[in-house]
Amino acid sequence: FWFQLNEIKAGVGRPAEVPRASFARIGILGAGMMGAGIAHACATRGIDVVLKDVSQEAADKGKAYSAKLLARQLEKGRITRDKHDATLACITPTASAADLAGCELVIEAVFEDRELKAHVTAEAEAQLENNAIFASNTSTLPITGLAAASRQAANFIGLHFFSPAERMPLVEIICGRETSPQTLARSHDFVQQIGKTPIIVNDSRGFFTSRVFGTFCNEGIAMLNEGVPAAAIENGALLAGFPVGPLAVSDEVSLTLMSKIRHQTIADLRAEGKEYTALRSESVIDWMLEQNRAGKAAGKGFYDYPQQGRKQLWPTLTTRFAHAEGLIPLLDIKERLLFVQAIETVRCVDEGVLTSSRDANIGSIFGIGFPAWTGGVLQYINGYGLAEFVKH
């Protein structure tokens with residue numbers, strides 16, 4: 001882990017022939033939690049940020065997110081008043097695309113909707129110089145497909161931040177089919193400039209992190225569908241070293257979003273003439289949505305979220321799903337959650353999405369909470385023993 005992390009910090013994987021770059025002015029499209037978090041991460045490093053949304057009110061709300069974070073740091077004595085004021089001054093909220101002129105990089109952080117992303121791409125690129133980079137913060141949609149809306153696909157790349165963006169250390173850089181080495185190298189430099197750790201992956205649906213992380217959520221929900229008690233699933237995950245259980249994570253992500261991603265995937269595969277294989281978790285997600293339990297943002301999902309007190313697993317999960325055959329050993333629960341992610345990572349290696357164990361291991365720990373004691377998702381296989389892993 002130590003050697004691989006230091007290889008990333010040293011720029012291994014970055015095209016060496018491209019001169020180092022630094023950025024003074026960037027644009028961010030979408031001032032929601034993700035866009036506001038990215039803006040904060042950039043502003044704290046002294047980069048001027050144009051934070052654009054559909055209305056001035058929405059853009060101002062995005063800047064207010066930084067103001068709240070900075071006020072808290074100032075109150076605790078972690079920053080000076082000068083640092084507070086200088087950081088806020090770096091963020092310019094706007095509803096006008098014209099303000100993006102002069103930006104060396106634009107990051108879109110809008111909803112996971114192809115048409116919307118295509119619209120904001122064209123709108124922004126009309127204001128940019130020919131050498132400016134356009135990056136998508138999409139977590140699932142293939143970069144090559146999104147780049148079709150760009151006037152310069154060579155300058156188009158994926159920069160996948162993790163929520164909350166101001167705190168999470170990883171950025172997954174995704175190269176589309178036409179992304180140039182210059183765009184990759186400069187994007188890599190930007191990620192390091194704002195103090196984040198970059199990993200480099202190739203294009204696919206869900207890339208590496210979202211794809212592997214999705215198996216964690218779906219395996220947990222599948223076990224619930226098999227009759228494994230919800231509390232056993234969540235505790236098994238915590239005892240395996242995951243920071244949060246798969247049911248709690250699914251609530252955070254939102255079951256509505258998980259359902260939308262599935263339907264988008266089905267539509268895309270049909271358009272490509274490919275078949276979709278249903279997951280054992282899907283019937284549970286559909287049933288939960290029928291019960292109007294979409295997740296934490298909706299106030300109820302696999303957990304109840306009382307206004308006062310801690311969240312609690314929804315008792316109906318026990319009566320609806322749990323049964324005697326589902327009482328499997330704790331070790332099985334732990335290893336199923338570990339194995340399912342390791343196997344999906346191996347698929348990413350087979351398909352060329354991942355080209356180094358370095359990016360897999362560091363990315364899995366820094367980005368999706370794979371247990372640190374393993375050394376990373378591929379190192380887990382090595383530690384378990386390849387023959388024993390295959391056997392089990």
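Trainee: Why is S254 called buried?

Mentor: S254 has a relative accessible area of 17%. Buried means under 20%, exposed means over 50%, and partly exposed lies in between (1.4 Å probe, protein chains only). Because 17% is under 20%, S254 counts as buried. This is a predicted model, in which local features need pLDDT of at least 70 and side-chain atom pairs count only at pLDDT 80 or more, while totals for chains, interfaces and linings use all residues. Residues are numbered from 1 along each chain as its sequence is written, and side-chain values use heavy atoms, with hydrogens and water left out.

Trainee: Where is S254, and what is its phi?

Mentor: S254 sits in the loop between helix 10 (246-253) and helix 11. Helices here are DSSP runs (H or I, at least four residues), strands are runs of E (at least two), and both are numbered from the N terminus. Phi of S254 is positive, about 95°, although S254 is not a glycine.

Trainee: Is N292 buried or exposed, and how do you know?

Mentor: The relative accessibility of N292 is 56%, so N292 counts as exposed. N292 lies in the loop between helix 12 and strand 9 (303-304).

Trainee: Which residues of helix 12 are buried, and what do they pack against?

Mentor: E282, V284, I285, W287 and M288 are the buried residues of helix 12. They pack against helix 8, helix 11 and helix 13 (316-321).

Trainee: At what angle does helix 8 pack with helix 14?

Mentor: Helix 8 (residues 209-225) and helix 14 (residues 330-350) pack at about 145°, with their axes 9 Å apart. The contact includes F216 and M223 of helix 8 and L337 and V340 of helix 14. Its residues divide into seven nonpolar, four polar and five charged.

Trainee: Why is helix 2 said to be largely enclosed?

Mentor: In helix 2 (residues 33-43), 10 of the 11 residues are buried, so the helix is largely enclosed by the rest of the structure. Among the buried residues are M34, I38, H40 and A43.

Trainee: Which residues have the most contacts inside the largest nonpolar core?

Mentor: F208 and F302 do, in a core of 71 residues. A nonpolar core is a set of buried Ala, Val, Leu, Ile, Met, Phe, Trp, Tyr and Cys residues joined through side-chain atoms within 4.5 Å. A second, separate core of 31 residues includes I38, A43, A135 and L184. Leaving aside neighbours within four places in sequence, F208 is in contact with residues including I199, V201, C348 and L354.

Trainee: How do you know whether D268 is buried or exposed?

Mentor: D268 has 11% relative accessibility, so D268 counts as buried. D268 is in helix 11, and, leaving aside neighbours within four places in sequence, its contacts are R114 and R205.

Trainee: And W373, buried or exposed?

Mentor: At 59% relative accessibility, W373 counts as exposed. W373 lies in the loop between helix 15 (357-368) and helix 16 (377-384). Beyond neighbours within four places in sequence, W373 is in contact with A240, G241, L338 and Y380.

Methods
Contact means heavy atoms within 4.5 Å. Axes are lines fitted to C-alpha atoms, for helices over the stretch in contact, and angles run from 0 to 180 degrees between N-to-C directions. Ala, Val, Leu, Ile, Met, Phe, Trp, Tyr, Cys and Pro count as nonpolar, Asp, Glu, Lys and Arg as charged, and the others, Gly among them, as polar.
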